[in-house]
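Open your viewer and get the selection tool ready.

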Amino acid sequence: MTHTPRTGGQQRRHDDAQPDLPATTTTHVTDRVRRAFLATKRDELLTPVRVISDVSGHILTVARDMDQPGFSGDILKIQSAGESLTALVHQILAPAAPGEPTVDDESVRSRLRHDMLNELNPVINYSEMWLEDAEEQFLSGFIPELRLIHNAGLRSAELVDKILAAWDIDASDVAPDLGDLDHLHAIFDYEKDAAIATEQGHVLVVDDNDINRDILSRHLEIQGHTVATARDGNEALELLNDGDFDLMLLDIVMPGINGFEVLARTKSDPRLRETPIIMISALEEMEIVARCIELGAEDYLPKPFNPVVLKARVGACLEKRRFRQREISYLNRIEQEKQRADELLHVILPADIVSELKTTNEVVPRRYDNVAVLFADIVNFTPYCDQHSPEDVVSNLQKLVVIWEEIALRHGVQKVKTIGDAFMAACGLFGDSDEPVLNCVRCGLEMIQATLDLPIGWNVRIGIHTGSVVGGVLGRRQYLFDLWGDTVNTAARMESHGIKGSIVLSREAWSRIENDSQGTPLGAITVKGKGDMEMFRFDGFNETPPSQS
């Protein structure tokens, strides 16, 4: 059985519609296209060829102790053919380097057609033969491997046919395998590449060799970068601490502090760790490259470096640094916005409520016992509004409420809300006072005096009651912590039936401070749902005032 692959292919017509390249670049682009074509096909063909060598080698290892000399001998021939094919692929499809004479095209086609296919025929034939005979020879366990070899041989022959069919002296005849010629022209046109804007930055070059430093600096300056140089690791670390660099090109082998140590120190410094580092060294061992990456280097460039690759890698590192800087800036702005939102939340809600809301994303309504509720209301505020401009009303009310808030804070009293010109506050909500009524009285006295001190002519009534309240947060777009219950309503009644410039307390509230205070009974008022309730005006503390809670 003989496999006879196709030995040639149709060539494309030279008059097919194709965009013309400028005369000055045709030869250059043709050479670039040819090298790219050969590299692509070489790598594509090596994949099935390596399968032939690797799988046949595996079969020989397993079949070593079997009494099948015919089978082992044929597999050995397949393995030998695979090794020969690997060498041929590298020889025939090795592209000429820039500046070297181009390989004779007819010679390449001839070797592809004869040498490659001559080596492939035994691979395909022997694997096919043993696939047919495997069951009879008690070799069924090798069928999957034999099928792999057979398919790899067929695939290799198919690829050789495709290469022959596409091959032609004219670069345009190989263009279909790499893409449209317009795209190739764009890829390989140096003038277009040079016109592409690249990131520019402040670069530190560290190398103990004067010539290397000079060459690197010149290339980087031509590319538009600002360059500083260091002769060794110590000088590099000093410059890094004193300056602000966007990138460092760092040699490994240097006297004193070597590149590894400079890299490690830089990446361990919180201020410098974001500085990208490209290692440049004549050492190309894989473990050296791996160690650089493990220590935090962004890239590795072997000496002697290629200027085009240098430009690309420097540009990529600088671009990533810019992206990282923008990311850090965005994260900082997000953190600032979070802090502003947090501050605003603390303005709207009590601290304990904010903590619960941030932790659980909700506030569980609850009952609070032994709470003193204070209501303050400006006397004759409505007539004042009718007689003054809105700007004056709001401005003066704002000044007073801010002062009241500060006073409440000093006395451990929690502002709940303002309702028009009324100010509602409470003490003892979060277990922050043993004497909530006393704190509210002190707060109320200072609020009255602060109101009288303002050159507005306002006065205020204050009412206080104590008991249990229900507290919770209402709203989703605009949060509001509020209190409900009989205690709140009664405190409001104490204020509304109170006396200008005085504090009025309910019987329950007065009982909490009467041992330390002087007061005047004001009789009883009728409270809906509660009947008559006694009221007391606070007149002052006894000679020995109660201690601050």
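Which residue in strand 10 does Leu474 stand opposite? Select the pair and you will see that Leu474 faces Leu480. Before moving on, note that this is a predicted model, where local features need pLDDT of at least 70 and side-chain atom pairs count only at pLDDT 80 or more, while totals for chains, interfaces and linings use all residues. Residues are numbered from 1 along each chain as its sequence is written, and side-chain values use heavy atoms, with hydrogens and water left out.

**Stop 1**

Select residues 460-474, which make up strand 9. Helices (H or I, at least four residues) and strands (E, at least two) are DSSP runs, numbered from the N terminus. Of the 15 residues in strand 9, eleven are buried (buried is under 20% relative accessible area, exposed over 50%, and partly exposed in between, with a 1.4 Å probe and protein chains only).

- Strand 6 (residues 366-378) pairs with strand 9 in the antiparallel sense, over eleven bridges; here Phe375 has Gly463 as its bridge partner.
- Strand 10 (residues 480-484) is antiparallel to strand 9, with five bridges. The two form a hairpin with five residues between them, and Gly475 in the turn has a positive phi of about 95 degrees.
- Strand 11 (residues 503-506) runs parallel to strand 9, joined by three bridges; look for Ile462 with its bridge partner Ile503.

**Stop 2: Ser506**

Stay in strand 11 and pick Ser506. Is Ser506 buried or exposed? Its relative accessible area is 0%, so Ser506 is buried. Show its contacts (heavy atoms within 4.5 Å): leaving aside residues up to four places away in sequence, Ser506 touches Ile464, His465, Thr466, Met494, Met533, Glu534 and Phe536. Glu534 is 28 residues from Ser506 along the chain, yet their C-alpha atoms are separated by 6.1 Å.

**Stop 3: two asparagines**

Most residues other than glycine have a negative phi. Go back to strand 6 and select Asn370, whose phi is positive, near 55 degrees. Asn370 counts as partly exposed because its relative accessibility is 34%. Next select Asn380, in the loop between strand 6 and helix 13 (381-387). Phi of Asn380 is also positive, near 55 degrees, and at 55% relative accessibility Asn380 counts as exposed.

**Stop 4: helices 14 and 15**

Select helix 14 (residues 390-410) and helix 15 (residues 436-453), whose axes come within 9 Å and cross at roughly 155 degrees. Axes are lines fitted to C-alpha atoms, for helices over the stretch in contact, and angles run from 0 to 180 degrees between N-to-C directions. Helix 14 is therefore roughly antiparallel to helix 15 (angles under 35 degrees count as roughly parallel, over 145 as roughly antiparallel, 65 to 115 as roughly perpendicular and the rest as oblique). Show the side chains where they meet: Leu400, Ile403, Trp404, Ile407, Ala408 and Arg410 of helix 14 touch Cys443, Glu446, Met447, Ala450 and Thr451 of helix 15.

**Stop 5: helices 8 and 9**

Finish with helix 8 (residues 233-242) and helix 9 (residues 259-268), where the axes come within 10 Å and cross at roughly 20 degrees. These two helices are therefore roughly parallel to each other. Their contact is made by Gly233, Leu237 and Leu240 of helix 8 with Val262, Arg265 and Thr266 of helix 9.

Conventions: Pairing = 2+ DSSP bridges.
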